[in-house]
Amino acid sequence: QIGGIIDIIAMLNHHLLSVLPSRGIFLDFFLSSILVGQDQHSIAWGTRYLQGMTAIVLALNRLTAVVYPLRFIQMWSPRNLLVANLMQVVPGVFMALSRANSRSRPMSLEASTVLLAIDY
């Protein structure tokens, strides 16, 4: 469930804050403040990290199902599943927030090119 939500947030972030400005849609809004690009960049970093953690949790789930089929239900009890989900989400949120808090530094090249990459 969490992986699907993360994927939807990543797709919305990409399409709304990267694709629209590259097509010139709402360009005045996107160029009105550097914060829009920085927010897009922070969300992208956080969701990409969360997607990687989702892949790790899914791989561990499948590995334990194959290697320990008799203990699988016990290993993935609701309590252990909550711990796995927290290990998946908390670092990604921390990653996104740490990128958002670095606004005092100049915006990175990747984020600035998102706003300036306009197809003509």
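Let's start with an opening: the largest pocket has a volume of about 230 Å³ (a pocket being, on a 1 Å grid over the protein atoms alone, an open set of points with protein on both sides within 12 Å along at least five of seven lines; the volume is the space filled by probe spheres set on the points). This is a predicted model, in which local features need pLDDT of at least 70, side-chain atom pairs count only at pLDDT 80 or more, and totals for chains, interfaces and linings use all residues. Residues are numbered from 1 along each chain as its sequence is written, and side-chain values use heavy atoms, without hydrogens and water.

Among the residues lining the largest pocket are Gln1, Thr54, Trp76 and Gln88 (lining residues have an atom within 4 Å of a point). Helix 3 gives the most to this lining, with four residues (helices are DSSP runs of H or I, at least four residues, numbered from the N terminus).

The second largest pocket holds about 150 Å³ of space. Of its 13 lining residues, Ile9, Gly46, Thr47, Leu50 and Val93 lie nearest its centre. Here helix 5 gives the most, with five residues.

Now look at how two helices meet. Helix 1 (residues 2-22) and helix 3 (residues 34-67) pack at an angle of about 155°, with axes 9 Å apart (axes are lines fitted to C-alpha atoms over the stretch in contact, and angles run from 0 to 180 degrees between N-to-C directions). The pair is therefore roughly antiparallel (angles over 145 degrees). Ile6 and Leu17 of helix 1 take part in the contact, as do Ile43 and Leu50 of helix 3 (contact means heavy atoms within 4.5 Å).

How values were computed. Angles under 35 degrees count as roughly parallel, over 145 as roughly antiparallel, 65 to 115 as roughly perpendicular and the rest as oblique. On a 1 Å grid over the protein atoms alone, a cavity is a set of points where a 1.4 Å probe fits but cannot get out, and a pocket is an open set with protein on both sides within 12 Å along at least five of seven lines; lining residues have an atom within 4 Å of a point.
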